[in-house]
There are 2 protein chains.
Amino acid sequence: MEKEITIYDIAKQLNISPATVSRALNDHPAINNATKSLIASTAREMGYRINPFASSLRKKRTNTLGVIVPRLNSYFMSTVLAGMEKEANEASYNLIISQSMESFKKEITNARTMFDSRVDGLLVSLAFDTEDLEHFEPFLKRNIPLLFFDRVMSHNQSTSIIIDNVRAGYEVTNHLISQGSQRIMHVTGSLKRNVYADRLKGYQLALTEAGIAYDDSLVKVTDLGMDTGQWVVQQIQEMLLPPDGLFVANDFCAVSCMSALKRAGYSVPQDVAVAGFNNDPLSQVVEPNLTTIHYPGYEMGEIAVKSLISHLNGVSASHATNTIILRSELIVRESSLRLSSK
Amino acid sequence: MEKEITIYDIAKQLNISPATVSRALNDHPAINNATKSLIASTAREMGYRINPFASSLRKKRTNTLGVIVPRLNSYFMSTVLAGMEKEANEASYNLIISQSMESFKKEITNARTMFDSRVDGLLVSLAFDTEDLEHFEPFLKRNIPLLFFDRVMSHNQSTSIIIDNVRAGYEVTNHLISQGSQRIMHVTGSLKRNVYADRLKGYQLALTEAGIAYDDSLVKVTDLGMDTGQWVVQQIQEMLLPPDGLFVANDFCAVSCMSALKRAGYSVPQDVAVAGFNNDPLSQVVEPNLTTIHYPGYEMGEIAVKSLISHLNGVSASHATNTIILRSELIVRESSLRLSSK
């Protein structure tokens, strides 16, 4: 391995003192700009790089943020990560990214790795079956800020960034009712997670308001995977009173339901009006186009990193803003329009 | 901030020597297992963490790998990253991930950041307009291994992991010809990138073999984005001899073309047979289901990290295997089947 270039090498090359080199590289006001720029360009030419370890030991900062997500390969999550990376990059932070694979156990291991990697802050979206937040205690003990996004759990020492899932669930269901659906099935994920529990609440509220009795057998808890559509349609085919509306907690699964419905001879939206969640690009290419909720994933990623860095810089107190709620929006498309004025 | 726990604190707590604690934590054979397990559990209880900086300074290793991708929010790339994260995690490596946003300029900045972050190795998929590999020279000078995947550029000091894009492009085109298409349009991305240039070569080869004259006006270089379908169909509508086959370099864009075709009154596959690339889940939910190439993205991610780590551990020489080619596969579905034996 080649020898690491030091400030002493640069000083020797330019025939000036190492102290001057050090001050120039640290943008000290006592050094004039011409000298700074000469030293900076010489340093670059010689292949000098700052020593982040020495610098970290001094500042106790690594300029890295940890991110734990359920899965990397989901459209929604990759959009959030794209927003996070953009913000982090602009603020000269690196992102260390890991996935829990929807497992509480793996999430505990990930947290431990992030702690040992000395991240300056941690961003988390919880796995399907996470039961408590004990595995994040070591961070809080060391005042390493912790931020939850999308799938959150209430904690008085950390910020959460979410959308109003109750309201979004209410809006979708209310819209399906307004289009003449009376028996609406809700296909969702683990009710341990706020995002699914809250969408269910919104669904129930809309039914109550419309005077429709809540029927437990119409709520299906699934893994929201690719094969869920097939399974859901099997359930529907066995029902004496099949549903005339379907609210699915994500677009990917909604599209899988729509395909299975069509294969089984149901027409969408005439027999069954369908709505999803997330505004995945998928929703605009399936036919009929899918009614959904626009979820601001990219903005969520940007804001999550921005607020974590502000907190690290002492600009904002984490306790002041405990929850940030982003705006979501119902997008009505053909998959649910049964009373359109064509 | 709470005081960092050291081996001296653990030694004091257990009333043993710091040397014993250090040896136990480093799994030294001179310490018996009962003592090791007592020390390990005490260390964990007290919130001790290894000092990766001190350890890095000694080993000159950070146990982090850098990844530069064109965009995080693409289905294909998030699948590759999921495979990379799984492998890295199992080998106790962290991934630092950044995106070039398809810009050569941003890729240069990303490379600089990765270099300053002292990654042990770097995994890169090139941006649309990257012209040369000069920005990776600092890594090679320091013997930091560099691995390219998917979008690669030939370099005698680094490994590339790809699929045989010429063959895949040939297979798709050949299949379209076998289904009766004679005028096949090819919609692709920047021809500076091997993946698109090679698929075009495969397309040309299949035409030549079938005795069909190559027509430059049937090759459309685009950004392969969501709006490309609309633009492509406008081009088709202005042609005296419209195409009867369409080979699009990724599924996302192929689906956008298919939707635009259908809106414009063309039937798929009867008027225009369509094929994509990647086997995005999207391809199985659109109607008709999309003919495509299965691209082993997850496996590519796993193998990329595995071979980089083997190289770091001195198990494999990077020069021995300069290119790793993974198997891809044509998947025929309804979007291109015009002569099916129904």
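A salt bridge is taken here as a side-chain nitrogen of Lys or Arg within 4 Å of a carboxyl oxygen of Asp or Glu. In this predicted model, the side chains of A:K262 and B:E287 form one, with an N to O distance of 3.5 Å. A second pair, B:E85 and A:K106, has its side chains in a salt bridge at 3.7 Å, N to O. B:E85 belongs to helix α5 (residues 75–90) of chain B and A:K106 to helix α6 of chain A, so this pair joins two chains. Across the interface of chain A and chain B, the rule gives four salt bridges. Over all chains, the search of the whole structure returns 22.

The interface was then described by residue and by area. On chain A, 58 residues are in contact with chain B, and 58 residues of chain B take part in return. About 5,400 Å² is buried between the two chains. Carbon and sulfur atoms give 54% of that area. Polar contacts were also counted. Between chain A and chain B, twelve residue pairs are in polar contact, with both residues at pLDDT 80 or more.

Several elements of chain A supply at least two residues each to the side that touches chain B. They are the helices α4 (52–59), α5 (75–90), α6 (104–116) and α11 (251–263), together with the strand β2 (94–99). Helix α5(A) gives the most, with seven residues. By class, the side of chain A that touches chain B holds 24 nonpolar residues, 18 polar residues and 16 charged residues.

Within chain A, one helix pair was examined. Two packed helices are described by the angle between their axes and the distance between the axes. Helix α2 (residues 18–25) of chain A packs with helix α3 (residues 33–46) of chain A at an angle of about 95 degrees. Their axes are 9 Å apart. Angles of 65 to 115 degrees count as roughly perpendicular, so α2(A) is roughly perpendicular to α3(A).

In chain A, the peptide bond from A:E287 to A:P288 is cis, with omega near -5 degrees. A:P288 sits in the loop between β9 (273–275) and β10 (292–294) of chain A. In chain B, a cis peptide bond joins B:E287 and B:P288, and omega is about -5 degrees. B:P288 is found in the loop between β9 (273–275) and β10 (292–294) of chain B. B:E287, on this cis bond, is also the partner of A:K262 in a salt bridge. A further backbone feature concerns B:D150. Its phi is positive, at about 60 degrees, although B:D150 is not a glycine. B:D150 lies in the loop between β4 (146–149) and β5 (159–163) of chain B.

Conventions
Residues are numbered from 1 along each chain as its sequence is written. Chains are lettered from A and ligands numbered from 1 in the order in which they are written. This is a predicted model: local features need pLDDT of at least 70, side-chain atom pairs count only at pLDDT 80 or more; totals for chains, interfaces and linings use all residues. Side-chain values use heavy atoms; hydrogens and water are left out. Contact means heavy atoms within 4.5 Å. Buried area is the accessible area (1.4 Å probe) that two parts lose on being put together, summed over both. A polar contact is a pair of N or O atoms within 3.5 Å; within protein, one must be able to donate a hydrogen and the other to accept it, and residues adjacent in sequence count only if both atoms are side-chain atoms. Helices (H or I, at least four residues) and strands (E, at least two) are DSSP runs, numbered from the N terminus. Ala, Val, Leu, Ile, Met, Phe, Trp, Tyr, Cys and Pro count as nonpolar, Asp, Glu, Lys and Arg as charged, and the others, Gly among them, as polar. Axes are lines fitted to C-alpha atoms, for helices over the stretch in contact, and angles run from 0 to 180 degrees between N-to-C directions. Angles under 35 degrees count as roughly parallel, over 145 as roughly antiparallel, 65 to 115 as roughly perpendicular and the rest as oblique.
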